[in-house]
Amino acid sequence: MLDPFGRSITYLRVSVTDRCDFRCVYCMPEHMSFLPKKDVLTLEELDRLCGAFIAKGVDRLRLTGGEPLVRRNVMSLFRSLGARLGNGLSELTLTTNGSQLARFADELVDCGVKRINVSLDTLDADKFRAITRWGDLSVVLGGIDAAQKARLSIKINVVALRGINEDEIPSMIEWAHGRGFDMTLIETMPMGDVDADRTEQYLPLSLLRSQLARHFTMTPTLDRTGGPARYVRIQETGGRLGFITPLTHNFCESCNRVRLTCTGTLYMCLGQEDAADLRGPLRASADDADLYAAIDEAIARKPKGHDFIIDRRHNRPAVARPMSLTGG
Ligand code: SAM
Ligand code: SF4
């Protein structure tokens, strides 16, 4: 599938649920209202929809959320998608908060998952509770241990938060690299209404990067994992550190991805409101022809890029839907 700007769309992120067992301050308000269950696609419907994308040329899938591992019976989806590996699909991955990894790490490997991203913003138990509101650091660290034992390759995603985990980033890099994990730093994006002040949370990575240069020797690499991260190699640890800077840089020109919500809505850009309904054509017929046509029509509308800006005066998000709907 080629979009109007000649970008080949080969990567689909699927948010399998908008529900979560955490309430991270930058992601959701504490009393979040979730989608009615009747609007949510069944796991069989999600599998069929993913199959349609694979038939149209998508070869990498990432399951995300909300927290994907809290969806009931989600392993049956991993199992059915895993069976597509080598049959159009080359990679099946997961982004998780790690709370359920101790339970599922072995089974994920058994389904063909090789790499996972674990979101972890601090190694301080009190700060962890403050950021996630409901999370328990020791459970997540136990999950990471289980994932490593199961031989999953792990990337730690850290959202940089001004005055909260800012000082801890060097020690987190040492911890992650010491355990053989890649790490990526992410700027907060103005998505969804949260109970917190965005401008207070926002820490530009350009600033953080110059602070890190006092601790580490960082050499830019040309490594690309098909995503928006730009990487450096850190001489002192030998590990890789990525930077995702949606607000200060534009990473759109090489964008290869689209995002599907658990209700079958396809977002062609994380930073735009335009979307296409695929649940209608999916449920209208057992034949995939209409679905293929709806996917083609949506890809033809993929915008050139996002225009995230924080509405600082009104503290309004640039994009009204929360990150938990599309999974980041
Ligand atoms: N629950 C899973 C997790 O936390 O990894 C998967 C979904 S979560 C929405 C995916 C990623 O988006 C996480 O790394 C999270 O930190 C990040 N995220 C959520 N809200 C964000 C925001 N407003 N700005 C930047 N990153 C955000
Ligand atoms: Fe849940 Fe992930 Fe959002 Fe945190 S970032 S509230 S873990 S979906």
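Figure 1. The protein has eleven helices and twelve strands, where helices (H or I, at least four residues) and strands (E, at least two) are DSSP runs numbered from the N terminus. This is a predicted model, in which local features need pLDDT of at least 70 and side-chain atom pairs count only at pLDDT 80 or more, while totals for chains, interfaces and linings use all residues. Residues are numbered from 1 along each chain as its sequence is written, chains are lettered from A and ligands numbered from 1 in the order in which they are written, and side-chain values use heavy atoms, with hydrogens and water left out. The C-alpha trace spans about 60 × 45 × 40 Å along its principal axes. A compact globule of 328 residues would have a radius of gyration near 20 Å, and the 19 Å of the protein agrees with this; the radius is taken over C-alpha atoms, and the globule rule is 2.2 Å times the number of residues to the power 0.38. Of the 328 residues, 56% count as buried, where buried means under 20% relative accessible area, exposed over 50%, and partly exposed in between (1.4 Å probe, protein chains only). Among the contacts with a separation of 6 or more, 73% come from residues 24 or more positions apart, a contact being heavy atoms within 4.5 Å.

Figure 2. Rolling a probe the size of a water molecule over the atoms shows where empty space is left. On a 1 Å grid over the protein atoms alone, a pocket is an open set of points where a 1.4 Å probe fits, with protein on both sides within 12 Å along at least five of seven lines, and lining residues have an atom within 4 Å of a point. The largest pocket has a volume of about 270 Å³, a volume being the space filled by probe spheres set on the grid points, which are joined across faces, edges and corners. Its lining consists of Val16, Thr17, Asp18, Arg19, Leu35, Lys37, Val40, Val70, Arg71, Arg72 and Cys262. These residues divide into five nonpolar, one polar and five charged, with Ala, Val, Leu, Ile, Met, Phe, Trp, Tyr, Cys and Pro counted as nonpolar, Asp, Glu, Lys and Arg as charged, and the others, Gly among them, as polar.

Figure 3. Side chains of opposite charge can pair when their charged atoms come close. With a salt bridge taken as a side-chain nitrogen of Lys or Arg within 4 Å of a carboxyl oxygen of Asp or Glu, the count comes to 18 salt bridges. In one of them, the side chains of Arg283 and Glu45 meet at 2.7 Å, N to O. This pair links distant parts of the chain, with Arg283 in helix α9 (residues 279–284) and Glu45 in helix α1 (residues 43–55), 238 residues apart. Arg283 is partly exposed at 42% relative accessibility, whereas Glu45 is buried at 18%. Lys56 forms a salt bridge with Asp296, and their closest N and O atoms are 2.8 Å apart. Here Lys56 lies in the loop between α1 and β2 (60–64) and Asp296 in helix α10 (residues 289–299), 240 residues apart.

Figure 4. The side chains of Arg179 and Asp145 meet in a salt bridge at 2.7 Å, N to O. Arg179 lies in the loop between α6 (169–178) and β6 (182–186) and Asp145 in helix α5 (residues 137–149), so the pair ties together parts that are 34 residues apart in sequence. Arg179 is partly exposed, with a relative accessible area of 26%, and Asp145 is partly exposed at 39%. A network of salt bridges links Lys38, Asp39 and Arg279.

**Figure 5. The surroundings of Gln201.** Gln201 lies in helix α7 (residues 198–201) and counts as buried at 5% relative accessibility. Leaving aside residues up to four places away in sequence, Gln201 touches Val25, Tyr26, Ala160, Leu161, Arg162, Thr188 and Ala196.

**Figure 6. Two loop residues with positive phi.** Most residues other than glycine have a negative phi. Asn73, in the loop between β2 and α2, has a positive phi near 65° and is exposed at 54% relative accessibility. Arg151, in the loop between α5 and β5 (153–159), has a positive phi near 70° and is exposed at 75%.
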